[in-house]
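Here is a short report for a reader new to this structure. Start with the sheet, then move on to the helices and the core.

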Amino acid sequence: MVSKQVRGGPEDADLARADSLAREIFSDVANKWALLIIEFLGDRTLRFSELRNEVEGISHKMLTQNLRMLERNGLVERTVYPTVPPRVEYTLTAPAQDLRETIDGLCRWTRAHLGHIESSRHRFDV
């Protein structure tokens, strides 16, 4: 994926523009795996295998891809320790902690409205 050069103008934050940086960021972080990685990392520092165990159902490949994308966007910090085998740990950056507040709100909303959504899906599917 190639990103456009950012100048920091208002057009970069304009969600109405298909080529805005804001849309690119949304595309990156608004996927189920990225949201879950941010939620499960929380205030902790985890190794790859620990994080994979936390995010049930994620493949090695998807976890790797999403961690790289989150690191590229400055949301995850990756620390490599020079051991054999190398130990790698992941932690959220300050901007990701801010984003996590929004994700926590989405999780609360989901729990609060789960019954309604489940009933609506059942009525729709019948």
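## Strand 3 and its partners

Val80 has a bridge partner in strand 3, namely Val88. Thr79 is likewise bridged to strand 3, through Glu89. The model behind these pairings is predicted. Strand 2 covers residues 76-81, and six bridges join it to strand 3. The two run antiparallel.

Strand 1 is made of residues 46-47. Strand 1 also pairs with strand 3, in the antiparallel sense, over two bridges. One of the pairings links Leu46 to Tyr90 of strand 3.

Strand 3 itself spans residues 87-92. Is strand 3 mostly covered or mostly open? Five of its six residues are buried, so by the cut-off of under 20% relative accessible area the strand is mostly covered.

In general, strands of a sheet pair through backbone hydrogen bonds.

## The hairpin loop

Strand 2 and strand 3 form a hairpin, with five residues between them. Pro85 sits in this loop between strand 2 and strand 3. Which kind of peptide bond joins Val84 and Pro85? The bond is cis, with omega at about -10°. Most peptide bonds are trans.

## Helix 2 against helix 5

Helix 2 and helix 5 pack at an angle of about 105°. Their axes are 9 Å apart. Angles of 65 to 115 degrees count as roughly perpendicular, and helix 2 and helix 5 are therefore roughly perpendicular to each other. On the helix 2 side, the contact uses Leu35, Ile38 and Glu39. Helix 5 supplies Ala96, Leu99, Arg100, Ile103, Asp104, Leu106 and Cys107. The residues of this contact of helix 2 with helix 5 divide into seven nonpolar, no polar and three charged.

## Helix 2 against helix 4

Helix 4 is another partner of helix 2. The axes of helix 2 and helix 4 come within 10 Å and cross at roughly 75°. These two helices, helix 2 and helix 4, are therefore also roughly perpendicular to each other. Helix 2 brings Trp33, Ala34, Ile37 and Ile38 to the contact. Helix 4 brings Met62, Leu63, Asn66, Leu67, Met69 and Leu70. In this contact of helix 2 with helix 4, nine residues are nonpolar, one is polar and none is charged.

## The nonpolar core

How many residues does the largest nonpolar core have? The count is 22. Those with the most contacts inside this core are Ile37, Leu41, Leu51, Leu67 and Leu70. The elements that give two or more residues to the core are helix 2 (32-41), helix 3 (48-54), helix 4 (60-72), strand 3 and helix 5 (94-125). Helix 2 gives the most, with five residues.

Take Leu51 as a guide to the surroundings. Leaving aside neighbours within four places in sequence, Leu51 is in contact with Ile37, Phe40, Leu41, Leu46, Leu63 and Leu67.

Methods:
Residues are numbered from 1 along each chain as its sequence is written. This is a predicted model: local features need pLDDT of at least 70, side-chain atom pairs count only at pLDDT 80 or more; totals for chains, interfaces and linings use all residues. Side-chain values use heavy atoms; hydrogens and water are left out. Buried means under 20% relative accessible area, exposed over 50%, partly exposed in between (1.4 Å probe, protein chains only). Helices (H or I, at least four residues) and strands (E, at least two) are DSSP runs, numbered from the N terminus. Two strands pair if DSSP finds at least two bridges between them. A nonpolar core is a set of buried Ala, Val, Leu, Ile, Met, Phe, Trp, Tyr and Cys residues joined through side-chain atoms within 4.5 Å. Contact means heavy atoms within 4.5 Å. Axes are lines fitted to C-alpha atoms, for helices over the stretch in contact, and angles run from 0 to 180 degrees between N-to-C directions. Angles under 35 degrees count as roughly parallel, over 145 as roughly antiparallel, 65 to 115 as roughly perpendicular and the rest as oblique. Ala, Val, Leu, Ile, Met, Phe, Trp, Tyr, Cys and Pro count as nonpolar, Asp, Glu, Lys and Arg as charged, and the others, Gly among them, as polar.
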